[in-house]
Amino acid sequence: MKILSIQSSVAYGHVGNSAAVFPLQRLGHEVWPVLTVHFSNHTGYGAWRGPLLAPADVAEVIEGIADRGVLGTADAVLSGYQGDPAMGAVILAAADRVRAANPDAVYCCDPVMGDTGRGMFVRPGIPEYLRDVVVPRADIITPNHFELDYLAGRTTTSLPAVLDAVDVVRATGPRDVLVTSVLHDDVPAGSLEVVAVSDEGAWAVTTPLLPINPNGGGDVTAALYLAHLRTTGSPATALERTISSVFTVLERTLAAGTREIQLVAAQDAIADPPARFTARRLR
């Protein structure tokens, strides 16, 4: 595939495009990374340097790609953290433009807003903007459990309730939903689930809960799920391959004792996902 990925970038470490581009390339896809920021490192360190790019500058880069006559050949647009509605408007305009030129193209949005235990960590107004404007115009979304609950306007503590919440969100627009870090009453102790829902049905994978929550894991997950879903056409297979790769990356990161995910060290598990998890059909 050819993927237009509009995300942040860091020189040191792996978040945003610095987490998404390499895995996609290892799977054999062409990636056109458009940067929304270029920081020295991710903001989780508490200090960083580097510029925020203005939405107009990001739009200029996209226009330059269009000047080459190739923008309409993209198969997908991928976005992650959106810190400003003006930047979101640039991303949505690009997605609409690509899909108008290529009706088979899709827009995959990771609606980054917050997480269980941390709550919302984006600027006021961003969650509402993502819920009301961005998510309804996406084809694929990859929220975590906390973000799903916000998007659906409810708190879910059972698997049927999670599926109901997904249905509420899918009714607003996106057809494919991947929910990460799902914890409900029936998840075994020391485990978590990832749930994939599409027009074809719903599936879940249960994995051990690793004592690690590094930055960038969600960015890798969104990129891999987009790639596997579009190349296999199977949400169940995409779920299995994505989670097998991401879990291996997290295992390697935990073993290395590093703060940054071990994308390079675990690249073989990305290029050739090990058969570690089997998706079970929920409906």
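Two strands pair if DSSP finds at least two bridges between them. In this predicted model, strand β9 covers residues 191–198. Strand β9 and strand β10 are joined by 8 bridges. The two strands run antiparallel. One of the residues involved is Ser 191, whose bridge partner in β10 is Pro 208. A hairpin of 2 residues leads from β9 to β10.

Strand β9 also pairs with strand β8, which spans residues 176–182. Here 4 bridges are found, and the run is again antiparallel. Within this pairing, Ala 196 of β9 stands opposite Leu 178.

Of its 8 residues, 8 are buried, so strand β9 is largely enclosed by the rest of the structure. In a regular strand, side chains alternate between the two faces of the sheet. In β9, Ser 191, Glu 193, Val 195 and Val 197 point one way. Leu 192, Val 194, Ala 196 and Ser 198 point the other way. Both sets are buried.

Attention then turned to strand β10, residues 201–208, where Thr 207 is placed. The relative accessible area of Thr 207 is 5%. Buried means under 20%, so Thr 207 is buried.

Definitions and conventions. Residues are numbered from 1 along each chain as its sequence is written. This is a predicted model: local features need pLDDT of at least 70, side-chain atom pairs count only at pLDDT 80 or more; totals for chains, interfaces and linings use all residues. Side-chain values use heavy atoms; hydrogens and water are left out. Buried means under 20% relative accessible area, exposed over 50%, partly exposed in between (1.4 Å probe, protein chains only).
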